[in-house]
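The following paragraphs lead through one protein structure, from its contacts and overall form to single residues. Keep the sequence and the 3D view at hand while reading.

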Amino acid sequence: MLIGYMRPYHDDWECLDQKAALEQLPCEQILREEHSLAKRRSELNQLLTQLAPGDKIVVYKLFAIADSTRHLAELLEAIHEKEAFLLSLSEQIDTSLPEGYPFHHIIKHLVEFQSDVISEKTKRGLYEAKQKGNTPGRPRKPDENVKRAILMYQSKRYTLAQIKEETGISKSTLYRYLESEGTY
């Protein structure tokens, strides 16, 4: 069974382009989300629940069904598990075609690749920052303020609020320094 799916997005708020394209096919059913939000996709969730082997979800473009590469990979996996298919008209992708590498595998590898690229860039950026003498993370508090805050705390004459006001060292930061020195 061909099942059309559409949702509003910036270039097609009224779903007119999507509807026109889907109506040219013999879709037995066309489902439309009422909003463009990524969450609370009731029509899509219901569609995935009721999907039967051999069914084909038809979308005007991939963005109508997924908001990210990862989301697309998850949807393709769910569709594949139901032994169903996806047809995207704009991208001319049809997962029911037997020839070639299955599209859901390609997307899965793209997601992994994208994750690896981001991870590698982050690691390289941190390494380069360290080589330049920059330390990643939150800036450390000046040592004299920390020492003063510890002395004030140990004197037991100041409240934590007074210590913070005087030194700029918060309760959690003070306790962390105390713990690291073993005086807590």
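Of the contacts in the protein with a separation of 6 or more, 64% are accounted for by residues 24 or more positions apart; contact means heavy atoms within 4.5 Å. This is a predicted model, in which local features need pLDDT of at least 70 and side-chain atom pairs count only at pLDDT 80 or more, while totals for chains, interfaces and linings use all residues. Residues are numbered from 1 along each chain as its sequence is written, and side-chain values use heavy atoms, with hydrogens and water left out.

The protein has eight helices and five strands, in the order β-α-β-α-β-α-α-β-β-α-α-α-α along the sequence. Helices (H or I, at least four residues) and strands (E, at least two) are DSSP runs, numbered from the N terminus.

What is the radius of gyration of the protein? The value is 28 Å, whereas a compact globule of 184 residues would have one near 16 Å. The radius is taken over C-alpha atoms, and the globule rule is 2.2 Å times the number of residues to the power 0.38. The C-alpha trace spans about 80 × 35 × 30 Å along its principal axes.

Of the 184 residues, 30% count as buried. Buried means under 20% relative accessible area, exposed means over 50%, and partly exposed is in between (1.4 Å probe, protein chains only). The protein has 26 positive and 28 negative charges, and their mean positions are 14 Å apart. Lys and Arg count as positive and Asp and Glu as negative, with His and the chain ends not counted; each charge is placed at NZ of Lys, CZ of Arg, CG of Asp or CD of Glu.

Beyond residues up to four places away in sequence, Leu72 touches Leu62, Ile65, Ala66, Leu86, Phe103 and Ile107. Leu86 is in strand β4 and counts as buried at 1% relative accessibility. Leaving aside neighbours within four places in sequence, the contacts of Leu86 are Lys56, Ile57, Val59, Leu62, Ile65, Leu72, Leu76, Ile79, Ile93, Asp94 and Thr95. Lys19 is 67 residues from Leu86 along the chain, and their C-alpha atoms are separated by 17 Å.

Strand β2 (residues 29–32) contains Arg32, which counts as partly exposed at 27% relative accessibility. Which residues does Arg32 contact, leaving aside its neighbours within four places in sequence? They are Met6, Pro8, Trp13, Glu14, Cys15 and Glu43. Arg32 and Val59, 27 residues apart in sequence, are 11 Å apart in space, C-alpha to C-alpha.

Cys15, one of the contacts of Arg32, sits in the loop between β1 and α1 (16–23). Cys15 is not a glycine, yet has a positive phi of about 65°. Is Cys15 buried or exposed? Cys15 is buried, with a relative accessible area of 0%. Gln92 also has a positive phi, near 55°, in a residue other than glycine. Gln92 lies in the loop between β4 (85–88) and β5 (93–94), and is exposed, with a relative accessible area of 73%.

At 57% relative accessibility, Gly133 counts as exposed. Gly133 and Gln154 are 21 residues apart along the chain, with their C-alpha atoms separated by 34 Å.
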